[in-house]
Every structure is written in C-alpha cells, then in structure tokens.
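Here is a short report on one protein model. Keep the sequence and the 3D view side by side as you read.

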Amino acid sequence: MKKAFLGSRGNRRSTITEYELNVRAAIYVVLIFVLGLTSAFCQLSEGASRGIALHHSKSGLQESAPVRDGAQPTAPQALAQLPQLVDITGSTGIKFEHLSSPEQKYIVESMSGGVALIDYDRDGWPDIYFTNAQSVEIALAGKKARSALYHNNHDGTFTDVTEKAGVGYPCWAMGAVVGDYNNDGWPDLLVTCFGGVVLYRNNGDGTFTDVTRQAGLSNDSGWATGAAFGDYDNDGWVDLFVSHYVDLNLSNLPAFGSLKTCKYHGIDVQCGPRGLKGSPDNLYHNQGDGTFTDVSTKAGVDDPQNRFGLTVVWSDFNNDGRVDLFVTNDGQPNYLYRNDGDGHFTEVAYLSGVAVNQDGAEQANMGLALGDYQHTGLASIVITHFNDEYTALFRNDGKLNFTDVSYASGIAPATTPYVGWGEAFFDFDNDGWLDLFLVNGHVYPQVDSIDITAKYREPGLLFLNQRNGTFRNISNLVGPAIQTPQVSRGVAIGDLFNDGRLDVVIENLKGGPMILQPQGGPANHWITFALEGTKSNRLALNARVKATAGDLVQTGEVLSGGSYLSQNDLRIHFGLGSKDQVDRVEILWPDGRMEVRTSLAADRFYAIKEPQ
Ligand SMILES: [Ca+2]
Ligand SMILES: [Ca+2]
Ligand SMILES: [Ca+2]
Ligand SMILES: [Ca+2]
C-alpha cells in the first residue's frame with residue numbers, strides 16, 4: 001500500500017536543494033553535536049538536572065526485535081522491557097492548578113482543560129501553555145482564572161513566564177492551539193473560550209499581543225471549544241476553523257437536576273449537552289494581511305444543525321493534496337468535510353463510516369487523534385467517548401473509507417468504563433510503531449455518591465501496538481503514574497527534553513497537571529524533524545514525512561489541534577527500533593512539492609526548510 005502515501009503528486013517532485021540554516025536550524029545543529037557526544041551530554045545533564053532519563057542510544061543496551069519482511073511481524077519486545085511512564089511533575093517546578101467547582105453544577109464548568117506545547121521563543125525546546133477556567137460562581141463574582149505559560153529551561157525544569165508573556169487572562173479558557181497566522185516564523189497561540197476566541201500574536205521577544213479584534217475574530221462570541229489552523233486553499237496562509245459547543249448564557253443557566261436530561265442513575269447532575277441548544281461552527285479564511293474573513297456558510301462547514309462540536313483536526317485524509325476537516329460532535333454524528341478544492345467542502349462522515357459507530361449509534365465524541373498505526377501511509381482516527389461507550393478506532397482504508405475496528409483492534413473493552421478525553425497515537429517505546437495513550441475523568445462528581453462502577457477520578461490507559469493491527473492494554477505495566485485516578489482533560493505529546501523520547505503532559509480539570517517521562521526500556525533509535533515552510537505556511541502545518549528505515553516505513557504529519565482541545569509538539573518524531581539510519585525520507589510540503597533526503601543518521605534532530 002506504499003502508493004497510498006503522497007497520492008498523485010509524486011511526479012511534482014522539486015529539485016533537492018540544501019536547506020538554509022536559520023537561527024533555529026543552527027540551534028539544532030548544536031543539539032545534534034551535543035547529542036552526538038553522548039558522554040558530554042551526560043555530563044551536562046547530570047550536572048544540571050535531576051529527573052531526566054538520559055538515553056544512551058548506542059550504549060549497547062538490548063534492542064527490540066527487528067521486524068521481518070512478510071506478513072508475520074515479529075512479536076513486540078518482551079513486556080518486561082517496557083519503559084516506565086514516570087511522574088516527574090514535582091521536579092519540573094510547574095505549580096499550575098486548574099480551578100474547579102466542587103459540585104460541577106453546570107456543564108460549562110466541566111469541559112475546560114486543553115494544554116498546548118508551543119516553542120514560543122524558538123529555542124528548540126517545547127514550552128507549555130495550560131488553559132484555565134472559572135466556575136460560574138467565580139465568574140459571576142467578576143473574578144478570573146489564570147492560564148499559565150511555562151518556559152522550558154533545558155534542564156528538566158520550567159519557569160512560569162505568564163506575566164511577561166501577557167497570556168494569563170485570555171478568557172474563560174477551554175483549550176489552545178498553535179499556528180503562525182502571519183507567517184513571521186513566530187508561533188502564535190489561539191485560545192478557545194466560553195465566549196469566543198482569543199488570538200495571541202507572538203511578538204518574538206517573549207511577549208504576546210491580543211490581536212483578536214484587529215484580526216477580525218471578535219465576532220466569534222459563542223462557546224468555542226475546538227480549533228485548528230490549516231491552509232485549506234493552499235495559498236500559504238493558515239486558515240482557522242473553530243467549533244462551538246452549547247448555546248449557553250450565564251444569566252439563564254439550566255438548573256442542576258432540573259430536567260429529565262439532568263439526571264444520571266436517578267441523581268441530580270449538571271444539565272447538557274443533551275436537552276440544550278447547540279451552537280454552529282466557523283471557518284475563517286486568512287486574508288494574508290493579518291485578518292480573517294468568516295467563510296463558514298460559503299464553504300459549507302457552518303453546522304446549520306448546531307451540533308455540539310468539540311475537537312477539530314485538519315488532515316488530507318484521502319491524499320489528494322487538499323486538507324480535509326474532521327470535527328467531533330458530542331452525542332451526535334461527527335463531521336468529516338471533504339475539501340472539494342474550490343473553497344467548498346462536502347460533508348461525508350456517513351459515507352465514510354465515521355459519523356457514528358459500527359452499530360449506527362451516535363456517541364459522545366470528545367477527543368480526536370490521528371495516526372498511521374499500521375504503516376499504510378494513511379492516517380486512521382481514534383475518538384474518545386463517554387462511559388459505557390468504547391473509544392472508537394476508525395481504520396483508514398483509503399479513498400475516504402473508514403472501518404470501525406475498535407473491537408478488532410482490542411481497544412474497546414478497556415476504554416468502555418471511562419469518560420475519555422485527550423489522546424494521542426505516539427510511539428512511547430520508540431520501536432517504530434505508534435502506541436495509543438488516552439486520559440479519562442468523569443463529568444459528574446456526584447457519581448462517587450452512588451453505587452455504580454463509574455467514578456469521578458479515573459485512570460489513564462496505554463495500549464501497545466502489536467504490529468498486526470491490534471493493541472495490547474499495558475496500562476498496568478508502565479508504572480503507577482497513569483493508574484492514578486484523575487479528572488483529566490487535555491493531553492499533549494512532545495519531546496520536552498530533546499532526548500529522543502516523547503513525554504506526556506496531562507492537564508487535569510481538578511488540581512495540578514501531570515508530566516510523564518518514559519524511563520528505562522530498550523535503547524531504541526529515533527529521528528525527529530522540525531519543518532519550516534517557505535511557499536507553504538511557515539510552520540509547515542499538514543506537511544507530511546515518510547521515513548523508510550529498512551523494512552520500517554512510517555508516516556507523520558504536522559498537525560494543529562487535536563487530542564482534546566490541545567496541541568502536540570509540531571516536530572515529527574519517529575521511533576526506529578534497532579535501525580540506526582533512515583534510508584530515505586520524503587517530505588511532502590503542503591504546496592504539493594516533494595523533497596527527498598537519503599541516508600540520515602538516527603538519534604538526531606533535523607531542521608528542514610522548504611526550498612524556495
Ligand atoms: Ca522554547
Ligand atoms: Ca506569528
Ligand atoms: Ca489559506
Ligand atoms: Ca511503540
């Protein structure tokens with residue numbers, strides 16, 4: 001199925017040119033140098049920090065079994081060799097706390113908690129932005145909740161730089177995503193709010209400016225939840241889609257337990273979303289001059305049915321060179337909008353098999369993650385749901401055909417008891433196969449007062465890719481941290497410490513976040529790409545990379561948004577197992593040009609700029 005990747009555009013290959021070293025690339029060169037000198041790196045890091053697992057990529061530790069050619073993949077590494085996901089929050093210096101009312105009497109109190117990784121100072125180290133939200137009581141008292149930006153100090157610690165950055169009080173925040181809307185190279189931050197969106201322009205000096213009004217986004221006044229930047233018309237400027245959830249007014253909130261839809265197992269709970277009015281979605285076209293124009297209706301993505309929209313992702317699901325759009329709708333059919341290429345989209349979720357589950361049931365669609373977990377070159381979709389509904393894995397079979405393989409893949413039973421939110425396909429053990437992580441947490445604190453299986457605080461789940469289309473639940477085999485019951489919401493994945501292993505940032509609705517770092521396990525190889533567009537949008541959103549290392553062929557895509565109202569590291573990371581070299585890399589830039597590199601050494605970061 002190799003031909004599926006890169007679609008019909010392989011013949012538009014550009015001349016390979018050497019990429020220019022910009023400031024960022026220069027930093028990566030330094031990194032490459034440092035990482036190459038393993039002993040020097042050890043010295044540096046041991047002196048500077050605690051809690052960082054050093055990854056001796058070539059130290060002779062046992063490597064995972066290679067994958068053979070043919071239909072029978074070898075078994076994954078022995079489970080005893082799995083890395084452990086260790087809670088290192090305490091050593092990071094992060095003190096953030098998400099506000100939360102004890103009883104969660106209103107739905108607007110239970111949906112916040114997206115977290116964004118953004119390298120806002122472009123030093124090559126991911127920084128973290130946590131969103132925060134008031135309760136109704138606090139909001140009515142005129143008080144605010146402080147969101148927070150933490151700078152990565154390169155030594156395992158972070159420093160709260162919220163005040164200097166000026167991003168502490170955007171709004172009643174739900175989530176955040178990253179895009180470079182003005183193509184100046186500095187990643188900008190969009191915060192979704194109960195009450196529209198806030199666009200923070202990155203000034204390049206450690207500060208941000210709220211440019212919502214001058215960008216033409218201040219008419220967005222509904223309950224914005226999901227958002228994602230993507231260049232749907234390939235003009236080099238990232239456009240913005242914003243989903244909206246419930247049409248809710250603080251002065252007229254549905255009273256706790258007041259309706260039939262505000263009961264759960266006979267007890268009073270918050271009302272919604274069922275029984276409440278939904279809110280339409282918006283697509284904003286980037287005019288290239290710092291402003292956006294609302295093109296929702298013309299584009300056919302305005303959600304006239306007012307569904308309860310949550311997480312949003314742009315991706316070219318059918319490999320035709322144009323990004324399509326996926327929107328999860330809570331308790332209602334999802335939207336998959338096929339990009340028709342003329343500024344219009346056609347909604348094909350039912351035709352594609354992703355509107356509802358395999359039984360035709362409308363599910364409480366929350367979080368959303370994409371990944372080529374089978375190495376077919378096609379991004380499959382996984383969606384988290386309410387309890388008594390399984391997390392749905394829709395396998396991408398090509399040509400916009402998806403199959404619900406939640407049971408066949410083995411993830412359905414373990415996910416059914418929990419209310420799932422943020423999630424990600426990520427290769428936690430660097431064996432070259434995407435694993436699946438998701439976090440949980442109920443919306444009703446009241447469930448703890450009745451005798452049912454569901455509890456307010458719920459553990460996370462990790463599934464190991466078995467390399468044959470199935471996953472194994474290894475949640476109990478990677479240490480106690482993810483088994484800690486929490487009221488989790490957002491998840492963001494990234495290589496926080498530039499050690500070639502992906503870390504996990506979990507934002508919880510109640511209390512502090514949790515930072516997880518993989519420690520131990522086999523010393524597998526890896527490779528990471530930081531892409532920069534020139535003709536394409538500057539952050540190279542929706543650029544794709546295909547990396548071939550022997551018989552290991554992986555694909556990844558630079559994505560804005562996803563998980564649950566969150567933002568992953570924009571760098572594309574591949575685990576390589578025992579492979580110490582990538583033989584061939586194909587980069588498909590968003591403008592359709594393809595670039596090829598060969599014989600790249602593993603265990604390095606590569607900064608690649610699109611040829612002019
Ligand atoms: Ca940084
Ligand atoms: Ca910018
Ligand atoms: Ca555009
Ligand atoms: Ca893996």
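Strand 32 (residues 544-549) and strand 35 (residues 581-588) run antiparallel, joined by five bridges. Strands here are DSSP runs of E with at least two residues, helices are runs of H or I with at least four residues, and both are numbered from the N terminus. Two strands pair if DSSP finds at least two bridges between them. One bridge links Thr548 to Arg584 in strand 35.

Strand 35 also pairs with strand 36 (residues 594-601), in the antiparallel sense, over seven bridges. Here Ile587 stands opposite Glu595 in strand 36.

## The model and its confidence

This is a predicted model, in which local features need pLDDT of at least 70 and side-chain atom pairs count only at pLDDT 80 or more, while totals for chains, interfaces and linings use all residues. Residues are numbered from 1 along each chain as its sequence is written, and chains are lettered from A and ligands numbered from 1 in the order in which they are written.

The pLDDT is the predictor's confidence in each residue, from 0 to 100. Its mean over the protein is 89, and 87% of the residues reach 70 or more. Over residues 1-74, however, the pLDDT is below 50. That stretch has 122 contacts in the model beyond near neighbours in sequence. Two residues are in contact if their C-beta atoms, placed from the backbone, lie within 7 Å.

## The whole protein

The protein has eight helices and 37 strands. Of its 612 residues, 56% count as buried. Buried means that 20 or more other C-beta atoms lie within 10 Å of the residue's own; exposed means 12 or fewer, and partly exposed lies in between, with C-beta atoms placed from the backbone.

How much of the contact count comes from residues 24 or more positions apart? Among contacts with a separation of 6 or more, the share is 63%.

Strands pair in a sheet through backbone hydrogen bonds, either parallel or antiparallel. One open sheet here has four strands in the order 6-7-8-9, with antiparallel pairing. Its edge strands are strand 6 (173-179) and strand 9 (208-210), each pairing on one side only. Neighbouring strands of this sheet are turned by 25° against each other on average, direction ignored. The axes behind that angle are lines fitted to C-alpha atoms, for helices over the stretch in contact, and angles run from 0 to 180 degrees between N-to-C directions.

Six bridges join strand 6 to strand 7 (residues 188-193). One pairs Ala173 with Cys193 in strand 7. Is strand 6 enclosed or open to the outside? Seven of its seven residues are buried, so strand 6 is largely enclosed by the rest of the structure.

## The nonpolar core

A nonpolar core is a set of buried Ala, Val, Leu, Ile, Met, Phe, Trp, Tyr and Cys residues joined through C-beta atoms within 7 Å. The largest one has 170 residues. Those with the most contacts inside it are Ala116, Tyr129, Leu189, Cys193, Val197 and Ala227. Leaving out residues up to four places away in sequence, Cys193 touches several residues, including Trp172, Ala173 and Val198.

Most residues other than glycine have a negative phi, and most peptide bonds are trans. Asn430 has a positive phi of about 55° although it is not a glycine. Asn430 sits in the loop between strand 24 (420-426) and strand 25 (435-440). Ala540 has a positive phi too, near 60°. Its loop runs between strand 31 (525-532) and strand 32. Ala540 counts as buried, with 26 C-beta neighbours inside 10 Å.

The peptide bond from Gly272 to Pro273 is cis, with omega near 0°. Pro273 lies in the loop between strand 13 (267-268) and strand 14 (282-286). Among the residues that Asp330 touches is Pro273. Asp330 is in the loop between strand 17 (324-329) and strand 18 (335-339). Why does Asp330 count as buried? Because 26 other C-beta atoms lie within 10 Å of Asp330.
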